[in-house]
Amino acid sequence: MQPFAPSMPMATSLRRPSFTACSSSLLDADDEGVRGPCEDATLCKRFAVSIGYWQDPCIPHLVRLSKARKAPEINRGYFAHVHSVSQLIKAFLRKTGCSCQILNLGAGMDTTFWRLKDEDLLPSKYFEIDFPMIVMRNLHSIKLKPLLSKPILDLHSEDTLQMDGHTLDSTRYAIIGADLRDIPELEEKLKKCNMNTQLPTLLVAECVLVYMTPEQSANLLKWAANSFETAMLINYKQVRGSRRSVPSARDSSGGSPSLRTLGTGFV
């Protein structure tokens with residue numbers, strides 16, 4: 001059966017939900033400067049996986065393997081990045097008995113949801129949030145790739161899923177196109193996807209806050225602190241790097257807002 005085909009008659013025990021597409025429009029206001037670093041990071045992870053640094057059967061379905069080899073330092077850096085964040089996420093899930101939710105802020109083309117599903121460590125619900133232009137690309141991959149769509153469908157308790165051009169909401173997984181700098185819009189979309197402020201909540205921000213001004217990132221963190229009964233933040237980003245060592249750290253105006261404020265380093 002095509003995972004995203006319209007509903008088809010079948011025995012109740014084999015019934016699978018279908019995806020109902022809603023009308024959508026492209027948003028032109030997205031920051032194009034974020035897309036390059038997102039793509040670069042995923043390509044680096046894809047290459048590291050291809051030469052055995054860690055296992056990730058889903059990432060080949062999100063990005064093609066680059067012909068250019070990556071330096072060993074880059075492969076090791078991404079291994080440390082992925083492994084350290086993964087260990088912290090799993091520690092939170094075990095501490096809460098998986099009765100929690102995860103909000104992956106600026107998720108990019110991340111595969112954490114599928115890796116946690118394979119390890120039987122899914123939270124009550126997993127949310128991914130990123131610019132609509134990035135979410136649309138992910139939704140296209142999910143729609144076409146059974147390895148990505150099947151776990152979502154298997155865990156969904158209804159007959160249909162509602163999906164528009166930049167949102168998909170299911171029982172255990174949601175992906176939302178939103179601007180993290182627009183807190184009212186972010187909160188509204190999360191609530192529509194059944195975010196539960198009473199659940200222990202893990203917020204994950206991997207190389208995200210550097211693309212926001214200090215005021216914008218402070219507002220996001222203040223919202224998180226005031227919104228949830230119990231919350232933990234994982235904030236991963238480069239420490240004491242430079243523009244030269246991290247050439248992809250740019251926004252559409254030629255440099256990340258935080259870098260322009262801080263000068264030569266990340267914090």
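Here is a short walk through a few spots in this structure, which is a predicted model.

Let's start with a pair of helices. Two packed helices are described by the angle between their axes and the distance between the axes. For helix 4 (residues 132-144) and helix 5 (residues 146-155), the angle is about 85° and the axes lie 5 Å apart. Angles of 65 to 115 degrees count as roughly perpendicular, so that is the label for helix 4 and helix 5. Who does the touching? On the helix 4 side, the contact comes from Ser 141, Ile 142 and Leu 144, while helix 5 brings in Pro 146, Leu 148, Ser 149 and Ile 152.

Next, find Thr 167, which sits in strand 5 (residues 167-169). Is Thr 167 buried or exposed? Its relative accessible area is 17%, and buried means under 20%, so Thr 167 counts as buried. Look at what is around it: setting aside neighbours within four places in sequence, Thr 167 is in contact with Val 135, Leu 139, Gln 162, Ile 175, Ile 176, Gly 177 and Cys 193.

Last stop: Gln 216, part of helix 7 (residues 214-227). With a relative accessible area of 25%, Gln 216 is partly exposed. Now trace the chain between Gln 216 and Arg 181: they are 35 residues apart in sequence, yet their C-alpha atoms are 5.9 Å apart in space.

Definitions and conventions:
Residues are numbered from 1 along each chain as its sequence is written. This is a predicted model: local features need pLDDT of at least 70, side-chain atom pairs count only at pLDDT 80 or more; totals for chains, interfaces and linings use all residues. Side-chain values use heavy atoms; hydrogens and water are left out. Axes are lines fitted to C-alpha atoms, for helices over the stretch in contact, and angles run from 0 to 180 degrees between N-to-C directions. Helices (H or I, at least four residues) and strands (E, at least two) are DSSP runs, numbered from the N terminus. Angles under 35 degrees count as roughly parallel, over 145 as roughly antiparallel, 65 to 115 as roughly perpendicular and the rest as oblique. Contact means heavy atoms within 4.5 Å. Buried means under 20% relative accessible area, exposed over 50%, partly exposed in between (1.4 Å probe, protein chains only).
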